[in-house]
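Please examine the sequence and the model shown below. The paragraphs that follow lead through selected features.

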Amino acid sequence: MKYDAIVKLLGDFGPYQKRLYFLLCIPMISVGIQTMLTIFTLGVPDHRCALPDWDNDTYTIQGEKHARAVNAAIPLPTEGTQLYSSCLIKSTINTTDGHAFDTNSTRRCEKWVYDTDVFSSTIVTKFGWVCDMKLTKSHAQMMYMLGSLVGSVLLVSPSDFIGRKKMFMVSVLLHAVSTIVTAFSPSFAIIGILYFINGMSGIAIWSNAFVVGVELVGPSKRVLTGIICEIYWTVGVFMAATMAYLVRDWRHLQLIVSAPTVLFLAYYWFMPESPRWLISKQKYEEADRILRHAAKVNKTSLPSNIFSGHMLERRKEEPLWRMFTSPSLVIRSLVLFLNWFVVSLGFYGLGLNVASLGGSVYTNVFITAVVELVGHVACLLLLDRIGRKSLHCTAMILGGVFCTATILPVIYGGGSLNWLTIALALTGRGFAVASFDVIWLYSSELFPTVIRNSALAVANICARVGGTASPYIANLALVISGDFGRAVPLIIFGTSMAVAGLAALALPETLNNPLPDTIDDARQMKRRSRRPENTRTDFIRSNAEELANLQPNGDAATTKPTL
């Protein structure tokens, strides 16, 4: 019998699965916090050059004498909304009274003072990542995303050989150490390394916890569990915005949100290994113990020997290149890989871009979390009603339209319509969130079983490449000043989303259609018509023989199990 048939006997989402699933979702809150925390810890407040020979200089004007000194030394900005030029100071000239400022020439400064109304201290203000060093912020955020890319290979893939639990615990340890030590980082090099490790551990925690939880859930509940784990990530965004608002110093903020991660080390005693993985490695005794404990908690029973006879099957894997033996499958694969790249680019890019939209960064991130939550709920309500293709394409195209439309208030409204720019951008991100939710499920249903793991691994790498590029696009406002600088990233994200959404129209619908098992099944998918869903009937029909041979407390054949 297939493993799903055993899970069906346990109950698709019984008390045991619920406890384990929600326990494994809690670390995803921390992953969400750390991903979005850089918006605040790497915040760039208004700033200007520090006055020479003024020991207690501050961005806030201290009095009339201080105001005269600032006005004499700091030129007015040529563009933007700041009161003073951010990077230039007037050149000094010697006079009989000491020195004065030349009104006709300026130079770049090496020391700054910062506005503390929004952030009392950030990594940027600590190390002076402004002016000529302003791209250092993007480099740091890129290291986190690059870590996610490398972690997909180094920490996620080995779980198929070493075990889900072991790799999860390794990831938790790396996550706790890297996030806590970040608060004491003395340089960009150390911060970059720690962000890289944090990104590696974050994607590994997500993937391994998700897989362990979902592998114990029946097919009828996988859409539900696939979306709920995303909601936990959104809870992390809410918490990041709330804690950042209350704690304005970056070191204290980093420590407060990171210290609780050490509690996840206790999962070693609570988290079981995935029974599916144990079975694949022929560790039947341990798998049997876990499954029977689950059955006891769920108040169900399993046959005396659930691994006997032909109850388990081994699927023959095919090389990934077989997907490129048909023109239709080549187009399908490339469209899916493009959509993974763009969805990740838009999801992370639009999230990081909220700091450049204007207005309160805390309010923007909080609204972003609300929009994310709406996107998740919409997917739960619509995925099984209108279909994967319709929902994904609609979300991508509309998200692209809303983001691209931000150019209109910039051109015709200027600063007076900044609220409309923010509304359009955040609405666009809501659609990007929905697209991210759908693409995981949609891709797994489009790729055939024989190459599904390999194809999804490639798709995930495409997504991480998009995520790695996203900080540079999101922070273009640091390079392109003015209102147009805030609109350029949104136009790039929006255009790419619309193009990818239109390309996805070439994909077949998968709702209520059987999953393709072979390359030929995938090739024939366009010819299949949608049929009414009857999960229970389909399950009984496909497993009729196995179910007939199973009696809760009876004996079964003692043939050597096959996988």
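Phe188 has a relative accessibility of 31% and therefore counts as partly exposed, a class that lies between buried (under 20% relative accessible area) and exposed (over 50%), taken with a 1.4 Å probe and protein chains only. This is a predicted model, in which local features need pLDDT of at least 70, side-chain atom pairs count only at pLDDT 80 or more, and totals for chains, interfaces and linings use all residues. Residues are numbered from 1 along each chain as its sequence is written, and side-chain values use heavy atoms, with hydrogens and water left out.

Helices are DSSP runs (H or I, at least four residues), numbered from the N terminus. Trp129, at 3% relative accessibility, counts as buried. Elsewhere, ring pairs join Phe13, Tyr21, Phe22 and Tyr232 into a cluster.

Charges also sit over rings, a term that requires NZ of Lys or CZ of Arg within 6 Å of the ring centre and within 35 degrees of the ring normal. Arg248 lies over the face of Tyr245, 4.8 Å from the ring centre, and Arg429 over the face of Phe347, at 4.6 Å.

Helix α18 (residues 418-446) has 29 residues. Of these, 23 are buried, so α18 is largely enclosed by the rest of the structure. A kink of about 30° is centred on Ile439; the bend at a residue is the angle between axes fitted to the seven residues ending there and the seven starting there.

Arg164 belongs to helix α7 (residues 164-182) and is buried, with a relative accessible area of 9%. Leaving aside residues up to four places away in sequence, Arg164 touches several residues, including Asn208, Glu215, Glu273 and Trp277, where contact means heavy atoms within 4.5 Å.

The mean pLDDT of the protein is 82, and 86% of its residues reach 70 or more; pLDDT is the predictor's confidence in each residue, from 0 to 100. Over residues 527-563 the pLDDT is below 50.

Conventions
Phe/Tyr/Trp six-rings, centres within 6.5 Å; stacked < 30°, edge-to-face > 60°. Helix = DSSP H or I, 4+ residues; strand = E, 2+ residues; numbered from the N terminus. Expected span 1.5 Å × (residues − 1).
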